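Subject: Structure for your review

Dear colleague,

Please find the structure below, followed by an account of what was found in it. I would be grateful if you would read the notes with the model open beside them.

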Amino acid sequence: MDKLIIEGGHRLEGEIEISGAKNAALPLMASTILAPGKHLLENVANLRDIDTMCELLEELGAKADRSKLDSGKILGIDTTGVQSKRAPYELVKTMRASILALGPLYARFGCAEVSFPGGCAIGARPVDLHLKGLEMLGAKVSVEHGYIYAQKQESHPSEITFDIVTVTGTENVMMAATLTPGKTVLLNCAQEPEVVDLAEYLLKMGAKIKGAGTDRIEITGVETLSPKSHRIMPDRIETGTYLVAGAITGGDLLLRNAHPNDLESVIAKLHEAGVRIEETGQGLRVWRDGKLRGVDVRTAPYPGFPTDMQAQMMALLSLVEGGVSMITETIFENRFLHALELQRMGANIKLEGNRALVTGVKKISGATVMATDLRASASLVLAGLAAENTTEVSRVYHLDRGYERMEEKLNAAGARIRRAKEL
Ligand code: UD1
């Protein structure tokens, strides 16, 4: 296992290229199951989760090949040979997003077996709404021996209301409905830009979808879909993370290939905290020219403040000297584990239920800290960039799941981060 050793206190200056979005690439990759043939995806980041999705597709009988062109960001997926309908535990346990195979497998074959994902570090994360959606489309769903079994009974397009806004749930049921005869209406849908990117690819493949990006999506089933090519949208969470990197080090960064429209709530909150952000012809520039202020943050489904940026924001607010901030986490019940590690670095954070009261301190100091999930790891790296002395972030495999070459990108902008083997 690897760890990162960060020498804190270096101001970041320069350019960082934003990669393709992990959370857009994963559902798009799963959607290739719907249409047998050769698909071509561009701007696919080199990440562990993407490799896991490739493994899953290959396990099902597809062929996934990264081209040598464009630094390996072009991914060809040939789903002609997909025959297996079973997503095994060994893959699903390493990546919950494997559940995204359920909708496409069911739609193409009328049956699917996907390992039940189970819990994870940030909370219970059930999939009941994915299953309820498939049932409403006409599937008989059962859970046996740790697997979800979905079997087509009779297709009945219908109106499905999600009790809670769920991103992968919306994506899974939307994919399944593309090949379900008649009209399906999904209500209380996730409006995340990644849902829109997926819908755009499904439309290219020949699906009939209206309303993606709103809370009401209407899908009219078609008989077949055909493979196409698509460029994955830039990663808005990676963008937000590097905006915080610029702010927390008092630096001046230009984020190339960023899509500011997809992260308005994050940019607005950083502005409120006193961070300067500007769209230039070349990208998104972030810098600071005064003191920061404490702000209150409440996570919410898109277009609200993303839960995937909460940990990084907490690292920044911990260093707003004298500023008091209240962070309320409304999406995942156990998503404050990074707060305990930030405290070990000297941050002043009081936790009560789903709220964290952050009283900014002048400085934090390097420590050995442990990452518990992807975004928590990112927040610890950000804290390490601004801390005195050296911070060691262990279990970096979490970070490698979702950030492409993070230390390389940060080092090119002046950070001093080294990767080493954990003993
Ligand atoms: C996706 C993102 C993840 C992000 C999350 C919230 C991907 C691959 N992952 O995860 O990075 O943190 O959205 O923005 O896109 N819920 C249920 N029943 C369900 C499904 C969800 O109760 O069947 C609850 C969850 O426990 C959670 C809330 O709904 O409290 C939102 O979760 P959801 O949007 O489904 O998260 P994911 O799609 O797993």
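In the residue classes used here, Ala, Val, Leu, Ile, Met, Phe, Trp, Tyr, Cys and Pro count as nonpolar, Asp, Glu, Lys and Arg as charged, and the others, Gly among them, as polar. This is a predicted model, in which local features need pLDDT of at least 70 and side-chain atom pairs count only at pLDDT 80 or more, while totals for chains, interfaces and linings use all residues. Residues are numbered from 1 along each chain as its sequence is written, and side-chain values use heavy atoms, with hydrogens and water left out.

Pocket and cavity

Both terms rest on a 1 Å grid over the protein atoms alone: a cavity is a set of points where a 1.4 Å probe fits but cannot get out, a pocket is an open set with protein on both sides within 12 Å along at least five of seven lines, and lining residues have an atom within 4 Å of a point. Grid points are joined across faces, edges and corners, and a volume is the space filled by probe spheres set on the points.

The second largest pocket has a volume of about 180 Å³. Its lining is formed by Ile248, Arg288, Gly290, Lys291, Leu292, Leu316, Leu319, Val320, Glu321, Lys362 and Ala386. Six of these lining residues are nonpolar, one is polar and four are charged.

Across the whole structure, one cavity of 30 Å³ or more was found. The largest cavity holds about 30 Å³ of space and is lined by Ala21, Lys22, Asn23, Glu194, Asp235, Ile237 and Arg375. By class, that lining comprises two nonpolar, one polar and four charged residues.

Helix packing

Two packed helices are described by the angle between their axes and the distance between the axes. Helices (H or I, at least four residues) and strands (E, at least two) are DSSP runs, numbered from the N terminus. Axes are lines fitted to C-alpha atoms, for helices over the stretch in contact, and angles run from 0 to 180 degrees between N-to-C directions.

Helix H1 (residues 22-31) packs with helix H7 (residues 193-205) at an angle of about 30 degrees, the axes being 8 Å apart. H1 passes H7 in a right-handed crossing; a crossing is right-handed if the near helix is turned clockwise from the far one by less than a right angle, and left-handed if anticlockwise. Contact, meaning heavy atoms within 4.5 Å, is made by Asn23, Ala24, Pro27, Leu28 and Ser31 of H1 and by Glu194, Asp197, Leu198, Tyr201, Leu202 and Met205 of H7. These residues divide into seven nonpolar, two polar and two charged.

H6 and H7 pack at about 15 degrees, with axes 10 Å apart, and H6 is therefore roughly parallel to H7. Their crossing is right-handed. From H6, Val167, Thr170, Glu171, Met174, Met175 and Thr178 meet Glu194, Val195, Leu198, Ala199 and Leu202 of H7.

Helix H5 (residues 128-136) and helix H6 (residues 167-178) pack at about 20 degrees, with axes 9 Å apart. The contact is made by His130, Gly133 and Leu134 of H5 and Thr168, Gly169, Asn172, Val173 and Ala176 of H6. It has three nonpolar, five polar and no charged residues.

Backbone points

Most residues other than glycine have a negative phi, and most peptide bonds are trans. Histidine 145, although not a glycine, has a positive phi of about 50 degrees; it is placed in the loop between strand E8 (139-144) and strand E9 (147-152). A cis peptide bond, with omega of about 10 degrees, joins tyrosine 302 and proline 303. Proline 303 is in the loop between strand E18 (297-298) and helix H10 (310-318).

Key
Angles under 35 degrees count as roughly parallel, over 145 as roughly antiparallel, 65 to 115 as roughly perpendicular and the rest as oblique.
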